[in-house]
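Dear colleague,

Please find below the structure that I am handing over to you. I would be grateful if you could look through it before reading the notes that come after it.

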Amino acid sequence: MRIRLSPTNHRPASATSSRPACKWPVLAAFAAVLLALRAQHRALRQRRAQARCERNELARASRIALLGELSASIVHEIRQPLAAILANADAASLLLAQPAPPTDVLRQLIADIRASNQRANDVMHRLRALLERREVQCLEVDLLALLDDTVQLLAAEARRRRVDLVFEPGPGDVVVLGDRVQLQQLFLNLLINAMDAMRGTAPMARKVELTTHQRGDGQVEVRVSDRGHGLGSHAPATLFAPFFTTKAGGMGVGLSVARAILGAHHGSLHAAPRDGGGTVFTVRLPSRHGTRPAAGPLAAACPTPDHERPRA
Amino acid sequence: MAIVHVIDDDAPLRNALERLLSAAGYEVRTYLAAGDYLVAPPPLARPACLLLDLQLPGVSGLELQAALSRHPGHDHPVVFISGTADVRSSVQAMRAGASHFLTKPIDGDRLLAAIKDAVDLDMTLHERHAREHQLQQALRSLTPRERQVLDGVCAGRLHKQMAAELGVSERTIKSDRARIMRALGVTALPDLMKLLVTPRPQPGSRP
């Protein structure tokens with residue numbers, strides 16, 4: 001920086017004069033900072049994308065573990081229709097060997113074979129969405145249909161464990177915005193936990209109740225209550241800590257993933273003791289009831305997987 | 001015609017089994033649950049067996065099997081079918097006297113072979129029971145002295161000894177013995193021994 005002495009006074013020229021000769025270093029420094037910031041921003045975006053990817057993989061791993069727990073009843077659900085198909089086929093062989101094969105019976109038999117095939121197909125269809133690798137989606141989800149589907153998925157397992165699984169939806173339609181598979185995973189997790197908690201309970205008393213209730217504040221409340229061993233001395237907060245589990249052989253990720261899913265859907269999850277023994281898990285999600293236009297959080301952006309939102 | 005009682009809560013499978021067993025020449029009766037079978041009136045004097053699903057709602061297949069001995073009219077050999085190849089249940093079922101244990105999906109030939117075995121077993125047991133009943137009746141019809149003669153014959157006592165003990169003639173003893181043999185339906189001493197000495201099956205037991 002050169003200092004010029006003016007001929008009329010001896011004050012030095014200002015350093016921020018706009019004389020071209022002083023501009024470039026400043027501009028260069030500015031540009032360097034901009035580039036550095038842009039590089040940093042890009043790196044941050046990449047790290048966030050990677051974290052999102054890893055979270056997605058963890059959610060998927062947790063889903064697969066969940067389905068692993070259901071494997072006995074899933075196999076049973078597919079075996080039943082296969083057994084019906086085989087018995088019908090063997091019956092058809094015998095009937096066709098008769099001097100006057102009864103065509104009415106055979107027609108009905110064939111229709112039954114198709115129906116059994118469809119039944120096995122439905123089981124696999126329900127599972128496929130849960131097992132495949134996919135991106136998180138943001139769509140309108142019919143929550144009551146989703147819960148009904150989830151209860152269907154668990155019906156055979158509930159029968160196997162002699163648990164009375166009861167679904168009592170509230171009136172009307174409920175629409176939430178988000179990822180159907182992750183939401184289903186969340187409820188699967190809560191319902192299986194509820195059944196697990198009742199392993200030591202007498203068969204007559206094993207009941208899990210799933211209810212929905214539209215709140216006035218634009219949120220839907222879904223409750224899963226069981227009559228199991230209860231929360232015991234564990235503070236509700238510890239339940240959601242990663243790798244916390246009371247199950248022998250449990251991974252301990254289910255509830256922490258559940259909470260992350262809810263966070264991304266702008267919802268919340270609470271656990272509390274149930275009157276008369278057991279536990280109630282309460283899920284709250286922004287929702288739209290019936291055909292009323294969306295308001296509040298639902299109208300805003302979709303599930304934000306970029307950061308954990310604080311529990312509402 | 002033999003009857004097969006099919007107890008399975010899965011409707012499509014129940015219908016398919018009914019078709020298969022009917023086509024094979026059996027009369028088939030179907031039930032959704034163990035309780036339904038036990039309250040149905042049992043048809044008399046027809047060979048029968050149960051085709052029982054292990055996993056039933058409410059009273060399980062194993063529980064029903066255990067309860068059969070308390071319901072003589074419903075007590076028939078059991079063929080189990082199961083959707084899970086659970087070793088523990090299958091062992092438990094066979095120990096409790098199940099005739100066969102098959103896993104789903106069941107091969108038609110295997111199923112019909114198992115049902116045939118179970119029905120044959122039912123007929124054998126029925127005959128045995130009938131003979132046992134006959135024998136009991138015959139024994140009850142003997143007079144006290146005839147009873148004593150029978151015991152003596154079985155113990156290998158000589159006619160002369162028995163005659164002396166009972167204060168009758170030897171000829172009386174001989175005719176008593178002939179009458180006893182006729183009443184019991186045997187013609188030779190070895191058959192008499194076999195009849196009275198073999199362990200007799202109790203109602204509801206299995207070989």
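The notes below set out what was found, beginning with the conventions.

This is a predicted model, in which local features need pLDDT of at least 70, side-chain atom pairs count only at pLDDT 80 or more, and totals for chains, interfaces and linings use all residues. Residues are numbered from 1 along each chain as its sequence is written, chains are lettered from A and ligands numbered from 1 in the order in which they are written, and side-chain values use heavy atoms, with hydrogens and water left out. Helices (H or I, at least four residues) and strands (E, at least two) are DSSP runs, numbered from the N terminus.

The interface between the chains

The area buried between chain B and chain A is about 1800 Å², and carbon and sulfur atoms give 57% of it. Buried area here is the accessible area (1.4 Å probe) that two parts lose on being put together, summed over both. Chain B brings 23 residues to the contact and chain A brings 22 residues, where contact means heavy atoms within 4.5 Å. On the chain B side, B:R19, B:A23 and B:P105 lose the most area to chain A, together 31% of what that side buries. B:P105 is also joined to B:K104 by a cis peptide bond, with omega about -5 degrees, and is found in the loop between strand 5 and helix 5 (108–141) of chain B.

Chain A

The axes of helix 1 (residues 23–69) and helix 3 (residues 103–131) of chain A come within 9 Å and cross at roughly 150 degrees. Axes are lines fitted to C-alpha atoms, for helices over the stretch in contact, and angles run from 0 to 180 degrees between N-to-C directions. The two helices of chain A, helix 1 and helix 3, are therefore roughly antiparallel (angles over 145 degrees; under 35 is roughly parallel, 65 to 115 roughly perpendicular and the rest oblique). Helix 1 of chain A contributes A:R60, A:R63, A:I64 and A:L67 to this contact, and helix 3 of chain A contributes A:L127, A:L130 and A:L131.

Helix 7 (254–264) of chain A is mostly covered, with 9 of its 11 residues buried. Buried means under 20% relative accessible area, exposed over 50%, and partly exposed in between (1.4 Å probe, protein chains only). After helix 7 of chain A comes A:H266, with a positive phi near 60 degrees. Another residue other than glycine with a positive phi is A:R162, near 55 degrees, in the loop between helix 4 (143–160) and strand 2 (164–168) of chain A. A:R162 counts as partly exposed, at 36% relative accessibility.

Chain B

In helix 4 (residues 87–95) of chain B, the buried residues are B:S89, B:S90 and B:A93. Seen down the axis of helix 4 of chain B, these fall within an arc of 100 degrees, so they line one face of the helix; the arc is that of the directions from the helix axis to the C-beta atoms. They pack against helix 3 (61–67), strand 4 (78–82) and strand 5 (100–103) of chain B. The face of helix 4 of chain B turned away from this buried side carries the exposed residues B:V87, B:R88 and B:R95. Just after helix 4 of chain B, B:G97 takes a positive phi of about 100 degrees.

Helix 7 (residues 159–166) and helix 8 (residues 170–184) of chain B pack at an angle of about 110 degrees, their axes 8 Å apart. That makes helix 7 of chain B roughly perpendicular to helix 8 of chain B.

Yours sincerely
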